[in-house]
Amino acid sequence: MKRLLMACLVLAMVASAPAEENAPLGGPAADLRFKGYPDAPAFTVVPRKDKLSLYPCSNCHRFMEPNPKPRDLSPPHNAVEFQHGAGRVWCLVCHNPTDRDTLRTQLDEQVDFNDAYLVCGGCHADRQKDWYFGGHGKRVGNWQGERALYNCTHCHNPHEPVIQAREPMPPPPVRAGLERKDGHGHAKQRVWDRYSSELKEASNAH
Ligand code: HEC
Ligand code: HEC
Ligand code: HEC
Ligand code: HEC
C-alpha cells in the first residue's frame, strides 16, 4: 500500500509539472538537457525495436486515454511483472503518455525505443557515464573506429532490472588423457591424502 501511495505521489508530481518545465528542445530548460560526453568515443547502439512483440503500440493506444493509475494490468500487459524503483517509479514515468510508440526522459524529451539508454541515464547517470566510456555494458563489432554498444535493455529488463544470481556452470571436463582412471591405484589418491594417512598411522602407533 505504501508503495502504491509513493507511486501515486511521483505520478501526481509528474502530472502537475508546469508546462514550461516540459518545454520542447530550445525552451528554457535546453541548457539542462543531457547532450552526451564530448570525450567519449563515437558509437552506435544495437537497435531493439524489432524485438518488441507489441510494437507499434499506437495500434491500440491511439484509441485509448492514458491512465497513470498504478494498478494490476489486464491483457495484453498482464505479464508485466513490475519491480523497479522500490515503489517510486511507474509506467508513464518512462512511457510517453502522448505518443505510446516512444519513451520519455525525466525532462519529458521524447526518446525512441532504440535510445532507451537516454531514459535510464536520467536516474542512473553514473552507470550511464561508465557505459559511454566502456566501463559498463558491452561493446560489439570493432575495437577501432565506430563502436556498437548494447543498449541497457539488452541486459536489464526495464520492468525488473536487477540481474538475478545464477547457479554456476559445472566445471569443465579435464583435458583428454588427463582424467583419473578407475582402478589405477594412486591416481585416486592425492599427494596430501598419502601424507595424512601416514601421519595418522604414526600417531596411532604411539
Ligand atoms: C493489443 C492492444 C495493445 C497494444 C498493442 C499495446 N497496448 Fe498498452 N495497453 C492496452 C490496454 C487494453 C491497456 C489497459 C490495461 C488495463 O487498464 O488493465 C494498456 C495499458 C498500457 C499501459 C499502462 C498505462 C495506461 O495508459 O493505461 C502502458 C504503459 C502500456 N499500455 C504500454 C504499451 C506499450 C509501450 C506498447 C507497445 C510496445 C503497448 N502498450 C501496446 C492495450 C495494448
Ligand atoms: C524505467 C522505465 C520504464 C518503466 C517504468 C516501464 N517501462 Fe515498459 N519499457 C521500457 C523500455 C526501455 C522498454 C523497451 C524494452 C526493450 O528494449 O526490450 C519497455 C518496453 C515495454 C513494452 C513492450 C514489450 C514488448 O515486448 O512489446 C511494454 C508493453 C511495456 N514496456 C509496458 C510497460 C508497463 C505496462 C509499465 C508499467 C507497469 C512499464 N512498461 C513501465 C521502460 C519502462
Ligand atoms: C525515474 C527514475 C528511474 C529511471 C528512468 C530508471 N530507473 Fe532504474 N532504478 C530507479 C530507482 C529509484 C531504483 C531503486 C534503487 C534502490 O532500490 O535503491 C532503480 C533500480 C535499478 C536497478 C537495480 C539497482 C539496485 O541497486 O538494485 C537497475 C539495474 C536499474 N534500475 C536499471 C535501470 C535501467 C536499465 C533503466 C532504463 C531502462 C532504468 N533503471 C531507468 C530509478 C529509475
Ligand atoms: C552487457 C550487459 C549490460 C548492459 C548493456 C548494461 N548493464 Fe547494467 N549491469 C549489468 C550487470 C551484469 C550488472 C551487475 C548486476 C549485479 O551485480 O547484480 C549491472 C549492474 C547495473 C546497475 C547496478 C546494480 C547494482 O546492484 O548496483 C545499474 C544501476 C545498471 N547496471 C544500469 C545500467 C544502465 C543505465 C545501462 C545502460 C546505460 C546498463 N546498466 C547497461 C549488465 C549490463
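Student: Let's start with the helices by ligand 1. Which helices each supply at least two residues of the shell around ligand 1?

Tutor: Helix H2 (58-61) and helix H3 (91-94) do. Helices here are DSSP runs of H or I with at least four residues, strands are runs of E with at least two, and both are numbered from the N terminus. A residue is near a molecule or strand if its C-beta atom, placed from the backbone, lies within 6 Å of it. H2 gives the largest share of this shell, three residues.

Student: Before we go on, what sort of model am I looking at, and how is everything labelled?

Tutor: This is a predicted model, where local features need pLDDT of at least 70 and side-chain atom pairs count only at pLDDT 80 or more, while totals for chains, interfaces and linings use all residues. Residues are numbered from 1 along each chain as its sequence is written, and chains are lettered from A and ligands numbered from 1 in the order in which they are written.

Student: Got it. How many residues surround ligand 1?

Tutor: There are 17, and the closest are Cys57, Cys60, Asn67, Ser74 and Cys91. Sorted by class, 10 are nonpolar, six polar and one charged. In that sorting, Ala, Val, Leu, Ile, Met, Phe, Trp, Tyr, Cys and Pro are nonpolar, Asp, Glu, Lys and Arg are charged, and the others, Gly among them, are polar.

Student: And which residues are the closest to ligand 2?

Tutor: Look for Leu54, Cys91, Cys94, Thr153 and Pro158, out of 24 residues around ligand 2. H3 and H4 each supply at least two residues of that shell, and the largest share, three residues, comes from H3. By class you get 16 nonpolar, six polar and two charged.

Student: Which residues come nearest to ligand 4?

Tutor: Cys120, Gly137, Lys138, Cys152 and Cys155, from a set of 15. Helix H4 (116-121), helix H5 (125-133) and helix H6 (152-155) each give two or more residues to this shell. Seven of its residues are nonpolar, six polar and two charged.

Student: Now the sheet. In what order do its strands lie?

Tutor: Strands of a sheet pair through backbone hydrogen bonds, either parallel or antiparallel. Here three strands form an open sheet in the order E1-E5-E4, with mixed pairing; two strands pair if DSSP finds at least two bridges between them. Strand E1 (43-45) and strand E4 (139-140) are the edges, each with a single partner strand, so one side of each has no neighbour in the sheet.

Student: How many bridges join E1 to E5?

Tutor: Three, and E1 and strand E5 (residues 147-149) run parallel. Thr44, for instance, has Ala148 in E5 as its bridge partner.
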